[in-house]
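Please read them with the structure open.

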Amino acid sequence: MTATSDADCMARAIELARNGWYTSPPNPRVGCVLVRDGRIIGAGWHVRAGEAHAEIRALADARQRGQSVQGACACVTLEPCNHHGRTPPCADALIEAGVHRVVLGARDPNPKIDGRGIDRLRAAGVEVITGVAVEACAALNPGFNLRMQRGRPRVRVKLAMTLDGRTAAANGESQWITGDAARSDGHRLRAESGAVLVGSATALDDDPSLTVRLPGNWRQPLRVVLDSKLRLSPQARMLGLPGTTRIYTVQDPESPAWRTLEAGGAELRRVGQAQGRPDPLQVLEDLAGSGINDVLVEAGPTLAGALTEQGLVDEFILYMAPQLLGDAGHGLLTLPGVQSLDSRIRLEVDTIEPLGGDWRIVARPVGM
């Protein structure tokens, strides 16, 4: 394959990085191509944590093709690492292979790496070109970037609603407001998230599985329940499924309910409280410490509203069905702090697109 410019090389590297969309977290999604004389001689992407990074895979691919890497150019979507983790430093591997030029997209926000990979390459005499398709490269890893920069995962709130903003009928019925396409898309969101979070009310009322149920073999997210009073039943459906269910609570570890849920297969963690419930920021910081880049919130209006008012929501994903349930239906978010137009929460809409018979709206809070 030919690549006539740095932009062409980076576009191909970005395509490769997307191959690890569902598998590479908690590590970033990274793609790499090796180019000599305008032709791609090696390519690779990071598949999963603990396995070879994109640069190493590209080098191996070139060698397997019988191509010499000496004097080649490497185009990488993310700054090569310069430290020993589960794998050796990629910057050193490029230097040792004889790569003479490296074209980079995004800098790595990991404090262990940020700028140091670039410095290591330049100190070895490698020409480094930065700033190529920066935004597109950064967009590969929004959750990872946020976790590195702010110490918490990216939080996305998923909600299904009618045209008049109702999530359930007056009698509480909500299955199903949206159609099959929207529900399948919701499972795709779970697949790309490190954790799915609900409150105790949702866990009790719906007894959800919180698993990815799509054709094929998918990595299952961590199931997270915020349960201040430890009301979740030890017979809850999610506790009998493969994978981990983690409960955050304010209760004492010596309480009978704690021991019962632990015996039922749950992992429990105690955090401080905020307004009578587990402190959401402490929960998110603890999840970040567990390597969670993205949290998908599938909670009811109370918890979703609390996260919104505390400025902890980075993105809303709204599935809107062309239906009406009237003013007796259940509302979308509980926002007691919004009492006037001056206190309203403004959103910036990124996309609106049809999805089956419904609409999918992606929006971000602004000014919070």
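1. Contact here means heavy atoms within 4.5 Å. By that criterion, and leaving aside neighbours within four places in sequence, threonine 245 is in contact with Arg223, Val225, Met238, Leu239, Ala266 and Glu267. Threonine 245 lies in strand E10. Strands (E, at least two residues) and helices (H or I, at least four) are DSSP runs, numbered from the N terminus.

2. A word on the basis. This is a predicted model, in which local features need pLDDT of at least 70 and side-chain atom pairs count only at pLDDT 80 or more, while totals for chains, interfaces and linings use all residues. Residues are numbered from 1 along each chain as its sequence is written, and side-chain values use heavy atoms, with hydrogens and water left out.

3. Is threonine 245 buried or exposed? Threonine 245 counts as buried, at 2% relative accessibility. The cut-offs are under 20% relative accessible area for buried, over 50% for exposed, and partly exposed in between, with a 1.4 Å probe and protein chains only. The side chain of threonine 245 also reaches the backbone oxygen of methionine 238, at 3.4 Å. That falls under the polar contact rule: a pair of N or O atoms within 3.5 Å; within protein, one must be able to donate a hydrogen and the other to accept it, and residues adjacent in sequence count only if both atoms are side-chain atoms.

4. Nine strands form an open, mixed sheet in the order E11-E10-E9-E8-E14-E6-E15-E18-E17. Strands E11 (267–270) and E17 (347–355) stand at the edges with a single partner strand each, so one side of each has no neighbour in the sheet. Neighbouring strands are turned by 25 degrees against each other on average, direction ignored. Two strands pair if DSSP finds at least two bridges between them.

5. Which strands does E8 (195–199) pair with? E8 and E9 pair in the parallel sense over five bridges. Alanine 195 stands opposite leucine 222 in E9. E8 and E14 are also parallel, over three bridges. Here leucine 197 has valine 297 of E14 as its bridge partner. Further along, E9 (222–226) pairs with E10 (245–249), again parallel, over four bridges. In that pair, leucine 226 stands opposite tyrosine 248.

6. E8 is covered on both faces. Ala195, Leu197 and Gly199 are buried on one side, and Val196 and Val198 on the other. Helix H11 (301–309) packs on the sheet, touching E6, E8, E9, E14 and E15. The direction of H11 makes about 110 degrees with that of E8. Such axes are lines fitted to C-alpha atoms, for helices over the stretch in contact, and angles run from 0 to 180 degrees between N-to-C directions.

7. E8, helix H8 (200–206) and E9 make a right-handed β-α-β unit. Right-handed means that, with the strands pointing away from the viewer, the path from the first strand over the helix to the second runs clockwise. Leucine 210 is found in the loop between H8 and E9. Its phi is near 60 degrees, positive in a residue other than glycine. Leucine 210 is buried, at 2% relative accessible area.

8. Helix H7 (180–191) has twelve residues and should span 16 Å at 1.5 Å a residue. The expected span is 1.5 Å times one less than the number of residues. The end C-alpha atoms of H7 are 17 Å apart, which agrees. Among the buried residues of H7 are Asp185, His187 and Arg190. The buried residues of H7 pack against E6, E8, E14, E15, E17 and E18.

9. Strand E3 (73–78) deserves a look. Six of its six residues are buried, so E3 is largely enclosed by the rest of the structure. E1 (31–36) and E3 pair antiparallel over four bridges, with valine 35 opposite cysteine 73. E3 and E4 (101–106) run parallel, joined by five bridges. There valine 76 stands opposite leucine 104.

10. Two backbone details remain to check. The peptide bond from proline 25 to proline 26 is cis, with omega near 10 degrees. Proline 26 is found in the loop between helix H1 (6–17) and E1. Alanine 133, in the loop between E5 and H5, has a positive phi near 55 degrees. Alanine 133 counts as partly exposed, at 36% relative accessibility. Most residues other than glycine have a negative phi, and most peptide bonds are trans.
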